[in-house]
Amino acid sequence: PSDSTYDYIIVGGGTSGLVVANRLSEQKDVKVLVIEAGDSVYNNPNVTDTAGYGKAFGTEIDWAYETVNQEYAGDHTTIVRAGKAIGGTSTINGMVYLRAQTSQVDAWEAIGNKGWNWSALFPYYKKSEHFQVPTSYSSLHGSGVEYNPSYHGYSGPLKVGWDAEQLNDGLAQTLNTTYQNLAVPVPYNKDPNGGYMIGYTLYPKTVDAEKNIREDAARAYYWPYQNRTNLHILPKTNANRITWKEGNEVTADGVEVTFANGTTGVLKASREVILAAGALKSPVLLEHSGVGNPDILSKYGIETKINLPTVGENLQDQMNNGLKYVAKRNYSGQPDYVSYPSAPELFGNSTTAVANNVLRKLPAYAAQVAKANGNVTKASDLERFFKVQWDLIFKSHIPVAEILVEPSGYVYDMEYWASVPFSRGSVHIQSADPSAKARIDPKYFMLDFDLQAQAQVARFIREIFKTQPFAPMAGAETSPGYSSVPSNATDSEWAPYLTANYRSNYHPISTAAMLPKEAGGVVDNSLKVYGTSNVRVVDASVLPMQVCGHLQSTVYAVAERAADIIKGNI
Ligand code: FDA
């Protein structure tokens, strides 16, 4: 294909890239090329097995990005996983399909992104979805799964439903009653995918329920359409940088790549280059293309095409921690059960005090983040965004944490994360070589509310294990255990355990943030990179703030909307 010209080149055949490729190639007169570093995983059992979460980790389909030592989290490095395959991270993720809270998508518009609010995005969540009604497949009988028909899409490409693992157990009811018996009850939520997430729920996954195999972006958006003559995918090919037209305007005309055989070439695009390489790669590609902070680019001999210092900044992820308990019976399979408490449920009587304390600290948080990145993002902007985030947590009561009960053998694994940390980090190049590792610094636990929330969820989990009717089903807490972290432990006494044992929650976002340029944005509300006439970013990099669900549903929806923007439908 190196001698043909395409209308659109999409860099990254992952979750978002394949959505955009599919929708653009619906137009028969438009030629689309997808450049993907990975290969087909259609028959890879580490991908297809619905009970195989984690099996692909560390294999050739995992980028396994490594962070720098995390100075606020035990000073060690950690791995951020991401899929390297046709289908991207959707081929290795946990398949959880949970959207966001209405108010937090509305906040995108409130911070300056006109047109990006819940009511604009909701139709795109549905457009991508092929909801498999639970009565149509037998494993669900008697499971108690409920849903609201109006929240779902029935004719989209992406199959969403319940797999057998989640359902064959009476534990769901026990946990539900237990949540109702907590000091501040966590209500039952019949269907969290309509914009209201708070509560305990039985969530759906991206799964082909009939076949009981993983549904990923490739199975949904690419393989059924691979015979379209205007849709091409180039696997095992690494994009190195965008190439530019001569002239005053900054216009992309192609992408330099390294093919599977090690040779290098340039592929031409006549209309647009669309980056969908993921939040830890798209900003790196921009920097290698001369779009970024001149101080960083000049260090590696890269000429600055566009002075846009916020490329790679604003990196937001969550910290994932766990507690373990003895289970008094043996569990098979991988069932899991989720709850989303809001701040009043998590902090109880202390909520107002916690809220006031955090509010007072917002200017200091903003100053600390700005200082850490050399004032590339301005403290005044950060403070404004942090206040929006504070309002979401303490006024609109978005979920402040996600808690998963994961029984396995004779163990209850309790996995959790606080939903919206304030810490902001960065990803930047540290070499002129596009194949070299980037410098990834999420700054986990940098700001003290992030530690406080993470410690409070641990205390909350301990309460669940003291509450009927679940309490007698569990034995001792084995990790960390009360002898290691006593019941009255303060946040700083929890800190060594939390920072030694956390992992990335694998939800990196915002490294090419959609925001007004003067407020630190990299792309505008049409997802176009500031200063370019025809380069867009359509992946998780553009989300300006974290969402409380899991990322993929929102990534699919944003990519669906991006395709409509590119087609001129919006
Ligand atoms: P994505 O990573 O999908 O796509 C980027 C693509 O670009 C990849 O295919 C990559 O190989 C390719 N690429 C990168 N650099 C390139 C280059 N230079 N040249 C060519 N190609 C290049 N979410 C959820 O909703 N539910 C869940 O249960 C989970 N669980 C989960 C578990 C794990 C282990 C991870 C890592 C992530 C999750 N997530 C999740 C998160 C979710 O899956 C993720 O946020 C989205 O899939 C990201 O989609 P993107 O399109 O942004 O990138």
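Visitor: Which element gives the largest share of the shell around the ligand?

Guide: This is a predicted model, in which local features need pLDDT of at least 70 and side-chain atom pairs count only at pLDDT 80 or more, while totals for chains, interfaces and linings use all residues. Residues are numbered from 1 along each chain as its sequence is written, and side-chain values rest on heavy atoms, with hydrogens and water left out. Helices (H or I, at least four residues) and strands (E, at least two) are DSSP runs numbered from the N terminus. The largest share of the shell, three residues, comes from H14.

Visitor: How many residues surround the ligand?

Guide: A residue is near a molecule or strand if one of its heavy atoms lies within 4 Å of it. The closest to the ligand are Thr15, Ser16, Glu36, Thr89 and Gln552. The number of residues that surround the ligand is 38.

Visitor: How many charged residues does the shell around the ligand have?

Guide: Ala, Val, Leu, Ile, Met, Phe, Trp, Tyr, Cys and Pro count as nonpolar, Asp, Glu, Lys and Arg as charged, and the others, Gly among them, as polar. By these classes, the shell has 16 nonpolar and 17 polar residues, and its charged residues number five.

Visitor: What percentage of the ligand's accessible area does the protein cover?

Guide: Several polar contacts, each a pair of N or O atoms within 3.5 Å, involve side chains: Thr89 has a polar side-chain atom 2.6 Å from an oxygen atom of the ligand, and an N or O atom in the side chain of Asn93 is 3.0 Å from an oxygen atom of the ligand. A polar side-chain atom of His550 lies 3.4 Å from a nitrogen atom of the ligand. Of the 1000 Å² of accessible area that the ligand has on its own (by the Shrake-Rupley method with a 1.4 Å probe), the protein covers 96%.

Visitor: Which elements give two or more residues to the shell around the ligand?

Guide: H14, with its three residues, has the largest share. The elements that give two or more residues are helix H1 (15-24), strand S11 (238-244) and helix H14 (551-566).

Visitor: Which strands are at the edges of the open sheet of four strands?

Guide: The sheet has the order S5-S6-S8-S9 with mixed pairing, and two strands pair if DSSP finds at least two bridges between them. Each edge strand pairs on one side only, and these strands are S5 (129-131) and S9 (213-214).

Visitor: Which residue is the bridge partner of His130 in S6?

Guide: S5 and strand S6 (residues 158-161) run parallel and are paired over three bridges. In S6, the partner of His130 is Lys159.

Visitor: Which residue is the bridge partner of Tyr325 in S21?

Guide: S16 and S21 run antiparallel and are joined by three bridges. In S21, Tyr325 has as its bridge partner Glu477.

Visitor: What is omega of the cis peptide bond that joins Ser479 and Pro480?

Guide: Another cis peptide bond runs from Gln468 to Pro469, with omega near -5°, and Pro469 is in the loop between helix H12 (448-464) and strand S21 (474-479). Pro480 is in the loop between S21 and helix H13 (491-501). For the bond joining Ser479 and Pro480, omega is about 0°.

Terms used:
A polar contact is a pair of N or O atoms within 3.5 Å; within protein, one must be able to donate a hydrogen and the other to accept it, and residues adjacent in sequence count only if both atoms are side-chain atoms.
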